[in-house]
Amino acid sequence: MNYDLDFSQVNWDEFGKATAETLQMLGYSSLFTLILGLPLGVILFLWARSSSAGLRILYSILSVIVNILRSVPFIILIIALIPVTKEIVQTSIGVRGMIPPLVIGAAPFFARLVETSLREVDRGIIEAAQAMGASTWQIVYKVILRESLPGLIAGFTVTVIALISYTAMSGLVGGGGLGTLAVNYGYYRYETAVMLVAIVLIVVMVQLIQVIGDRLVIHFTRK
Amino acid sequence: MITIKNLVKTYTSGSKTTTALNGINLDIGKGEIFGIIGHSGAGKSTLIRCINMLEQPTSGSVWIGETDMTRLGKSQLQRQRRRIGMIFQHFNLLSSATVYDNIAFPLRLERMPRTEIDRKVKEMLELVGLTEHAKKYPAQLSGGQKQRVGIARALATDPNVLLCDEATSALDPQTTDSILRLLLDINRKLGLTIVLITHEMHVIQSICDKVAVIHGGIIAEQGPVIDVFLKPKEAITRDFINRESDTGEALNEAIRAPHPESSRTVKVTFIGDLTYQSIMSQTVKETGVEFAILQGTISRIKDTPYGQLVVRFEGPAESIERTLKRLVEQRLEVEELQ
């Protein structure tokens, strides 16, 4: 590989477009991961400690599915999911084609983090809410989600950062965005400068999201 | 007000069954402060949790007024629980909510209108003396203040019953006393029935009207605090009382100490107004015997003063006999010790 840097090769317009694509993928996939992963996490949490044996069995099944989805390397997941992706968004490439695998890869991951956060909530507080006549639903959204908000935000931050690396990986299979740029120019055409710029942009994105996440966690922590 | 009949609670884990409560019967009157004392593992926590069905009893019934709590459906139970306040050893406040929001929490569960919630929360803040702390978070409060928030939250829905689960066990002695005074105050002001569990006789002695001693999942002894405290029948009860004063050994030593041949050692108990009268000195003046005080307590159980003296009377046998008779005639309780 040639490490002579020549930044004149860099096409900044293309970078602007790629960054926008990455952000688009990231935005949509984060949103859908949140929408799917949060309820999934709550369900895992509730079923695991349910007094009904049936629900506890359902928990075991769901738990295995979540583990399977989490154990498949993302690059393989994208390829394996192509038929499903086509069914959902009518394409398996580009920004649109990447969103389903991104969500399917990240939602179970986020759900586990949600489940772990919810378990951290003091049992005594839940008991107090029960004693006050709160319904299960009220306990979930007025007590458990509220009490674990800092943990949920931290978990979501980790998930979004994982999604950034997933979007970059999707460059290998025609996903678009900064990953594609880095692969096409940096790897196939030895334009190291392009790859470096892509890396820097991705690092900046990760840092930014981590900082925002940390700030929010501190803001919502009352202990 | 609360009637517990043949309450049994067993836990099964695998093939092993443990019995936490083994046939509990209790009658708790309206407006009473009823204490349940027991060591950890005696079943007291399970018992208080069976009252509002945080623990589902295995058999038996729990009546609150006209309602059998064990027969309620899910939503009926939720409605009933809103009429039963509960406070906890570790307070169990929402750490993410301010003092104000913690107290408003049970009212919001009932979807009370906002202005009414505001009025009620302010009333409760005043009752527990935390008005200026309304905007603080629990982490910024002391233990005693947290328990006051717990009490305000429990009382916000105007319950008829307040359950106290070791409510003062995590607090220092001064704070414990201030919380106990608050509970007593509330009991008198609102006519609230209070059920509390504790492992400290001191708590029972300060505010309870009646007490039940629980041991090994059964009630060993129960009755008015004054009777149980001054005339304990069971070893376990005596154990709790002695731990409070830590006097058993010292007394034995005092009794064994050298003393005249013609003497008798007795425990004399004064209850109520008699406590502060000069009955002893008048009596010995009359009968001419001498006495030594080996041990003594003069204190109060809730509002009732009492005194308990272990004394050795010395003198001619017939004079001592006459002394004891005179004391009994004057309504003191006299019990001879060996």
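Me: What share of the residues of chain A count as buried?
Reply: Of the 223 residues of chain A, 40% count as buried, where buried means that 20 or more other C-beta atoms, placed from the backbone, lie within 10 Å of a residue's own. This is a predicted model, in which local features need pLDDT of at least 70 and side-chain atom pairs count only at pLDDT 80 or more, while totals for chains, interfaces and linings use all residues. Residues are numbered from 1 along each chain as its sequence is written, and chains are lettered from A, with ligands numbered from 1, in the order in which they are written.

Me: How many helices and strands are there in chain A?
Reply: Chain A has ten helices and zero strands, taken as DSSP runs numbered from the N terminus (H or I, at least four residues, for helices; E, at least two, for strands). Its C-alpha atoms fill a box of roughly 70 × 40 × 25 Å along the principal axes.

Me: Over to chain B: in what order do the four strands of the open sheet come?
Reply: The order is β2-β1-β4-β5 in chain B, with antiparallel pairing, and two strands pair if DSSP finds at least two bridges between them.

Me: And which strands stand at the edges?
Reply: β2 (16–28) and β5 (67–68) of chain B do, each having a single partner strand, so one side of each is left without a neighbour in the sheet. For β5(B) that partner is β4 (residues 59–64), joined to it by two bridges, and B:Ile64 has B:Thr67 as its bridge partner.

Me: What about β13(B), how many bridges join β12 to it?
Reply: Eleven bridges join β12 (residues 290–301) to β13(B), running antiparallel, and β11 (residues 263–271) also pairs with β13 (residues 304–314) in the antiparallel sense, over nine bridges. B:Val311 in β13(B) is the bridge partner of B:Val266, and B:Ile293 stands opposite B:Val311.

Me: Which residue takes a positive phi in the hairpin of β12(B) and β13(B)?
Reply: B:Lys302 does, with phi near 50 degrees, in a hairpin that has two residues between the strands.

Me: Changing topic, how many residues of α5(B) are buried?
Reply: Ten of its 13 residues are buried, so the helix is mostly covered, and among them are B:Val149, B:Ile151 and B:Leu155. The buried residues of α5(B) pack against β6 (84–88), α3 (99–109), α4 (114–128), β7 (161–165) and α6 (173–190) of chain B.

Me: How far apart are the end C-alpha atoms of α5(B)?
Reply: They are 18 Å apart, which agrees with the 18 Å that the 13 residues (143–155) should span at 1.5 Å a residue, the expected span being 1.5 Å times one less than the number of residues.

Conventions:
A residue is buried if 20 or more other C-beta atoms lie within 10 Å of its own, exposed if 12 or fewer, and partly exposed in between; C-beta atoms are placed from the backbone. Two residues are in contact if their C-beta atoms, placed from the backbone, lie within 7 Å.
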